[in-house]
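Please read them with the structure open.

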Amino acid sequence: DVPSVFAYEPRIQMVHACKTNKAWRIPESDRTVFVSYTAMESWGAKGATFIHNMIAPADDKPLILVSATRVSDEKGQHRIVEFGRLLKSKGVKYQWLLFTDLPIKGMTEDMVQMPIVSDITAFIKSADYVVHLSDIEAWSYVIIESLVNNTPVITTPITMLTELAFEPGKNGYVIPFNV
C-alpha cells in the first residue's frame, strides 16, 4: 500500500502476453489492461479490461509507386522527375521504387533507384500504383503485369493502351504527356 502522505497517479499494468508459465505473476497495480481477450482469459482475469492495438494507425501512409523502365528521354525520364516533384508540391507522401539500370537525374528523396531484377511481381502486387510515363511503347510488359495483378496504373496516353483491357478510372489513370 502507498502511504496516504504520497500523491500518485493510478498504476496501470499492461499485459502483452498469454500466461504460458504457472510461475508468472502480474505485478501489483491499481488496474490491469490486457492487449487482447485471449491474453485476459489465459491469466484467468475474466471481466478485466482489454484494449486491442494500442498503436494508432498511421494516417499518413505513403503511396507506394513502382516503375520498371529504361529511364531515358523517350521513356519519360523528365516526366518521372516532374511527376515526383508535382506529388511532393501537393503534399502527397510517396515512396517510388524505380527499377532501372540507368542513373536518374533530379530524383527526389522519395524516389529509390532499384537494381534490375527478373521478377518484380511482389513489388507490383504490393504497390498502390505502377507508374509508366513513356512517350511511346510497342508493348509494355509492366502495364500488362500490373493489370494481371489488379494493381492500378498511372500512365501517359500511349497508343498501345487501346490494345489492352485498360479503362481509365477503372484500371488506373492516364495523365497528359505534359504532366
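**Notes on the predicted model**

1. Helix H4 (residues 141-148) gives the most to the lining of the largest pocket, contributing three residues. The model is a predicted one. The pocket holds about 340 Å³ of space. Its lining counts 18 residues. Nearest the centre lie Ala68, Thr69, Arg70, Tyr141 and Val142.

2. About 30 Å³ of space lies in the largest cavity. Its lining is made by Ser67, Ala68, Thr69, Lys75, Ile80, Val131, His132 and Leu133. E4 and E7 each supply at least two of the lining residues. Ala68 and Thr69 deserve a look here: they line the largest cavity, and they are also among the residues nearest the centre of the largest pocket.

3. Thr69 sits in the loop between E4 and H2. Is Thr69 buried or exposed? It counts as buried, because its relative accessibility is 13% and the cut-off for buried is under 20%. Leaving aside residues up to four places away in sequence, Thr69 touches Lys75, Ile80, Phe99, Thr100 and His132. Of these, Lys75, Ile80 and His132 also line the largest cavity.

4. Helix H2 covers residues 77-89. Its length checks out. At 1.5 Å a residue, 13 residues should span 18 Å, and the end C-alpha atoms are 19 Å apart, so the two values agree. The step behind the expected value is 1.5 Å times one less than the number of residues. After H2 comes Gly91, with a positive phi near 80 degrees.

5. What does H2 pack against? Its buried residues are Gln77, Arg79, Ile80, Val81, Phe83, Gly84 and Leu87. They pack against five strands: E4 (63-68), E5 (94-99), E6 (111-114), E7 (129-132) and E8 (153-155). Ile80 is one of the residues that line the largest cavity.

6. Strand E7 has neighbours in E4 and E8. E4 and E7 pair in the parallel sense over two bridges. Leu65 stands opposite Tyr129 in E7. E7 and E8 also run parallel, joined by three bridges. There, His132 has Thr155 of E8 as its bridge partner.

7. Side chains in E7 go both ways. In a regular strand the side chains alternate between the two faces of the sheet. Tyr129 and Val131 point one way from E7, while Val130 and His132 point the other way. All four of these residues are buried. Val131 and His132 both reach the lining of the largest cavity.

8. Elsewhere there is an open sheet of three strands, in the order E1-E2-E3, with parallel pairing. Its edge strands are E1 (12-15) and E3 (49-50), each of which pairs on one side only. E2 (residues 31-34) and E3 pair in the parallel sense over two bridges. Phe34 has Phe50 in E3 as its bridge partner.

9. Aromatic pairs number four in the structure. Tyr94 and Trp96 form one that is edge-to-face: the centres are 6.3 Å apart, with 70 degrees between the planes. Both residues are buried. Ring pairs link Phe83, Tyr94 and Trp96 into a cluster. Phe83 is among the buried residues of H2.

10. Ser140 lies in the loop between E7 and H4. It counts as buried, because its relative accessibility is 3%. Residues up to four places away aside, Ser140 touches His132 and Met160.

11. Most residues other than glycine have a negative phi, and most peptide bonds are trans. Asn150 has a positive phi of about 55 degrees although it is not a glycine. Asn150 is found in the loop between H4 and E8 and is exposed, with a relative accessible area of 70%. Val179 also has a positive phi, near 50 degrees. Val179 is found in the segment after strand E9 (172-174) and is partly exposed, at 23% relative accessible area.

Note on methods: Residues numbered from 1 in each chain as written. Heavy atoms only, no water. Helix = DSSP H or I, 4+ residues; strand = E, 2+ residues; numbered from the N terminus. Buried < 20%, exposed > 50% of the residue type's maximum accessible area, 1.4 Å probe, protein only. Contact = heavy atoms within 4.5 Å. Pairing = 2+ DSSP bridges. Phe/Tyr/Trp six-rings, centres within 6.5 Å; stacked < 30°, edge-to-face > 60°. 1 Å grid on protein atoms, 1.4 Å probe; cavity = no way out; pocket = protein on both sides within 12 Å on 5 of 7 lines; lining within 4 Å. Points joined across faces, edges and corners; volume = space filled by probe spheres on them.
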